[in-house]
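Here is my note on the model you sent over. Have it open beside you while you read, and take the points one at a time.

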Amino acid sequence: MRPSRLPGRRALTFTFATALLVSGAACASGGGSGSSGGAQSITVAMHYPSPPKAILNEFQKQTGIKVNWVEIGWDDLQTKIAAAASSNSYFADATDVDWSKVGEYAKTGWFLPMGKWFSASSLKQDMPQLGTFMTHGELVGMPFDASFIVTTVNSKDFQKAGVSGVPSTLSEFSAALNKVRTHGMSSPLDIHFAAAEGLSTCWYQMTAAFGGQVLDSAGNPQFTSASSPGAKALTWMVNAYKSGLVPKGNINIPDYTGFTTEMAKNRVAAVLCDYSGSVGSIYDVPKSSSVVGQVRYVPTPGVSGPGANIANPDGIGIPKAARNPDAAAKFIKWFTSTDNQATWAGLKGPGDVIEGFPLPARLSSLDLLAKSGKLAQASELATLLREHARAPFPEGAPPWYAQFSNAVYTNIHQAAAGQETTQQAVKNIASQASQLKASG
Amino acid sequence: MDGEVAARLNVLARRRMLPYILISPLVVFIGALSFYPTIATTVQAFFRVTPLDPPARFAGLQNFRDLFANPVIRASWVNTAVYAAIGVVLSVVLGTVIAVALKQRFRLRGIVLALVVLPWALPAVVEAVIWNWMYDPNFGVINSALHSLHLIGSYAVWLGVHRWLTIALIEIVQVWQITPLSALIILAALQSIPPGLYEAARVDGAGPWQAFRHISLPLLRPAIAVAAVQALVLSLNIFDQVYVLNGNAPLGSSVMLQTYITTFQNLNFGQGYALSLLVTLATALLSMATLALLYRRAEPAA
């Protein structure tokens, strides 16, 4: 009997994806976008649930554009964007532009420049994170939320441990956490340590808290010296894990839900790299939280005072193979308008909220929410966004960001797990960054 | 007369063509979805292909050299070999044990059979998520059970700390999923063995173990070969369980996960093609070797 080849499902998937990449064969459209008889339709592929149907219908009534919203998980969406764009195939008219992909998209030209439809200069004041989506003066996507990294603390646990006031420096913060430890919570600090993007972002945040940044504007590593903010931040994080300040299990909790559950279930008293919006959307939700009303956003503790908050917003852009770019641009304008941004965050009640939506991208929307009292600590968040939020890479993420981030989270994870020293981790990350920069 | 011969020939020709006509849609389908991508992948594996640095350029063996120079990818080959070894041995041994047990007549056998098949029917991602909860270092049932039994002093972190422990625990999930199919393949073969052989052996004084060893096992070898090959293919292509349970961490990473990372995260399509070509070759060669070792040896015995 001749043996038969039995490729596994995953192998078939890869083979099929490969076929798409190599041949440039058309992907399934999945949405039937186009225009017929004057009515236009567009496909919007996002990793968020759709806005309420009634509101989308309202948009269709106003503009004649029918929106076919497709929700896809973040990882799958990035794979689809890459596969479709590499084979020059239609996939969607508007889709996610993650802040970390801006350099990559600018270099590959996978997304249409937005300058034709949007004026960056006039929007910048109301959208403080617009710069994250600009590279070489070109707008690659429009921010549709204002996600940024924040520090949250359980004020009840802190008070119980005798911590008065808000710790504003890292040494005060550590002292406060040690007090919480002596009051029965053995590992009160939540930090990502799984080998995932959240760990990389947390290191950028901590580097900013130590007063520096990881790469300079030319992409050179700024953390090679032991006295650099990046190296200090890495060592501080790993020591926090090894000393037991961070729960041991954090080494392998890769997803955001698992991470925030620790705080929601009161197993930790502080989260160092939390997400803006977590208080309202997770910690203050009675059915899933036992710390309702106890958690507060605080300024990020830095070396000698409050540090910066690293911005990691989501954007929306128009792929180069879009069939209806003008209609997609109209939709993006509507989707990111002041009123709608506030609506997605709860201005008009929970029925109109986009589930998991962190914060509006516009300050004007935050002001509306602050006035209405519909968003927990809206004015604190507005202050953090206005005064402290900043892009992790001021010149935009480099095109080789994905590989760089992979090196960052892999090495910090390994250092925390005891598989390499912090010095080795710093050296490996720096070496990878230099190689990537050299290869362009 | 000539016309009659011609008509007969025509009918014969049409009859001869019929099988080809019938299988042609399948040939086109397989050709488009399997052969063409395989050939294209093979060719592109020798090119530097990345959208970050177009256009594609001939690179000879450079992609392969780069892959073997990468310590994470080298480690992933070793990990995958371990996954495959554990997966094949455990799924075949457990599959045989389950098949022998299910061959017996007992009450609720149908329900037990359905329960045994369940892990095979569930998607790998769903199973990995369920096991992830069980392994959870903070509230997982495994920690809870071991702690209640005083076997561990405090909750342990099972995944992502020790390489071989991580691989073993991930492979348990894989074995959990692939064993039912092995059991069904072996059970089907077991049920086809004529009962007279066992009866004759019993008359000759053979006990159950001797009957299994000298009758069942030799006759089961073709089925075991098929079960081993399916376990081998699935283990070499392990992805979902590794990704869900261990994320992108290199410790415990598999070749298929590295193929995904190389291709779709790093956008190095050339190296991704080279890696998938190597996986395909390894799968084909090892499958053929397994069949040659188990199946062909079984033929004289059968």
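1. N88(A) sits in the loop that links α3 (74–86) and β4 (94–98) of chain A. Helices here are DSSP runs of H or I with at least four residues, strands are runs of E with at least two, and both are numbered from the N terminus. Although N88(A) is not a glycine, its phi is positive, about 55°. Most residues other than glycine have a negative phi, and most peptide bonds are trans. Is N88(A) buried or exposed, or in between? It is partly exposed, because 13 other C-beta atoms lie within 10 Å. (Buried means 20 or more other C-beta atoms within 10 Å of the residue's own, exposed means 12 or fewer, and partly exposed is in between, with C-beta atoms placed from the backbone.)

2. Before going on, a word on what you are looking at. This is a predicted model, where local features need pLDDT of at least 70 and side-chain atom pairs count only at pLDDT 80 or more, while totals for chains, interfaces and linings use all residues. Residues are numbered from 1 along each chain as its sequence is written, and chains are lettered from A and ligands numbered from 1 in the order in which they are written.

3. N266(A) is another one to click on. Its phi is near 60°, a positive value in a residue other than glycine. You'll find N266(A) in the loop between α10 (256–264) and β10 (270–275) of chain A. N266(A) counts as partly exposed because it has 17 C-beta neighbours inside 10 Å.

4. Over in chain B, look at the peptide bond between P54(B) and P55(B): it is cis, with omega about -5°. P55(B) belongs to the loop between β1 (47–48) and β2 (57–58) of chain B.

5. Now the domains of chain A. Domain 1 covers 29–145 + 312–388, and domain 2 covers 149–310 + 400–438; these bounds come from an automatic or database domain assignment. Their centres, taken over C-alpha atoms, are 28 Å apart. How many residues does each domain bring to the contact? Domain 1 of chain A brings 14 and domain 2 of chain A brings 20. (Two residues are in contact if their C-beta atoms, placed from the backbone, lie within 7 Å.)

6. Staying with the side of domain 1 of chain A that touches domain 2 of chain A, α4 (102–108) and α15 (378–388) each supply at least two residues. The most comes from α15(A), with four residues. By class, this side of domain 1 of chain A has six nonpolar, six polar and two charged residues. (Ala, Val, Leu, Ile, Met, Phe, Trp, Tyr, Cys and Pro count as nonpolar, Asp, Glu, Lys and Arg as charged, and the others, Gly among them, as polar.)

7. Chain A also has an open sheet of four strands in the order β9-β10-β8-β11, with mixed pairing. (Strands pair if DSSP finds at least two bridges between them.) At the edges stand β9 (189–190) and β11 (295–298) of chain A, each with a single partner strand, so one side of each has no neighbour in the sheet. β9(A) and β10(A) pair in the parallel sense over two bridges. D190(A) has V271(A), in β10(A), as its bridge partner.

8. What about the inside? The largest nonpolar core has 210 residues, and W203(A), M237(A), F331(A) and I412(A) have the most contacts inside it. (Such a core is a set of buried Ala, Val, Leu, Ile, Met, Phe, Trp, Tyr and Cys residues joined through C-beta atoms within 7 Å.) Helix α9 (residues 208–236) of chain B gives the largest share of this core, 13 residues. Both domain 1 and domain 2 of chain A give residues to this core, so it lies between them.

9. Finally, chain B. It has twelve helices and two strands. G87(B) is buried, because 25 other C-beta atoms lie within 10 Å.
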